[in-house]
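Hi everyone, thanks for coming along.

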Amino acid sequence: MNTYRMNAVGAGVLYIIGTVAGILSVVVTQSTLGSSDVLGEISVNENPMIIGALLVLTMGLTLAMVSALLFPVLKKQNEVLAIGYVIFRGALETTAYIAMVICWLFLIIVSHEYTASGASNLPYLQTLGDMLLKGNDSISNVLIIIFSLDALMLYYLLYRSKLVPRWISVWGLVAILLHFSTAFLMMFHIVESGMSTAVVIMNLPILLQEMVMAVWFIAKGFNVSAITPEPA
């Protein structure tokens, strides 16, 4: 029987790489994006935004590969949901990350014009910068929804199939619902967007769960008895 051991190890490693890249992207760009004068801050030092954009791309591409590695074993449980997982995580989520990176790169371009332009153009450029920042926030909210939906598909399949211990799947289901709610709380301005204390607390359970699951994939792999044997 094919136990898909390498698929599990690869998925675990990519989960860790993607998560670390995502955390570092926030750390690198937080002070810049949180500045009262974002364009002025970027014009002085654009490196944090460039590094952050590269880290976001790294996160998006590595997490997209996770869905490709998990698909062969997930489709044995439910092919429709497995395909849905690949579409949401591999395609839609990656597209959202790319859109976020484009917003950041456009902010760099606008910051150059902001520095070089005369006083008459400053209000226009500030408005354009604000639009890019608000667009980035909207993309982040959409990304949370997409990620939550693909995670719900994944953890449901893992729970039903027992490919990993059910406590990991249940933890994932509860944590992702908590994460899902943050998108709507930020959309309706009930909590502040970005790295507010409430958002960090609500996102912490899914962050920890994914790292525990990643380590399990690497150390233990899939439950062999839960994998449907290949036809002769």
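**Charges around one arginine**

Let's start with D150 and R89, whose side chains meet in a salt bridge at 3.8 Å, N to O; by salt bridge I mean a side-chain nitrogen of Lys or Arg within 4 Å of a carboxyl oxygen of Asp or Glu. D150 lies in helix α5 (residues 122-161) and R89 in helix α4, so the pair ties together parts that are 61 residues apart in sequence. Helices here are DSSP runs of H or I with at least four residues, numbered from the N terminus.

A word on the source: this is a predicted model, where local features need pLDDT of at least 70 and side-chain atom pairs count only at pLDDT 80 or more, while totals for chains, interfaces and linings use all residues. Residues are numbered from 1 along each chain as its sequence is written, and side-chain values use heavy atoms, with hydrogens and water left out.

Back to our arginine: are D150 and R89 buried or exposed? D150 is buried, with a relative accessible area of 0%, and R89 is buried too, at 2%. The cut-offs are under 20% for buried, over 50% for exposed and partly exposed in between, using a 1.4 Å probe and protein chains only.

R89 also forms a salt bridge with E93, at 3.3 Å, N to O. Those two both lie in α4, 4 residues apart, about one turn of the helix, and both are buried.

**Helix α4**

E93 comes up again here, as α4 bends by about 25° at that residue; the bend is the angle between axes fitted to the seven residues ending there and the seven starting there.

**Aromatic rings**

How many aromatic pairs does the structure hold? There are 4, counting rings of Phe, Tyr and Trp (its six-membered ring) with centres within 6.5 Å; planes under 30 degrees apart are stacked, over 60 edge-to-face and the rest tilted. For F180 and F184, the ring centres are 5.3 Å apart and the planes at 85°, so this pair is edge-to-face. Being 4 residues apart in helix α6 (residues 166-187), they are separated by about one helical turn. F180 is partly exposed at 21% relative accessible area, and F184 is partly exposed at 34%.

Finally, ring pairs link W167, W171 and W216 into a cluster. Happy to take questions!
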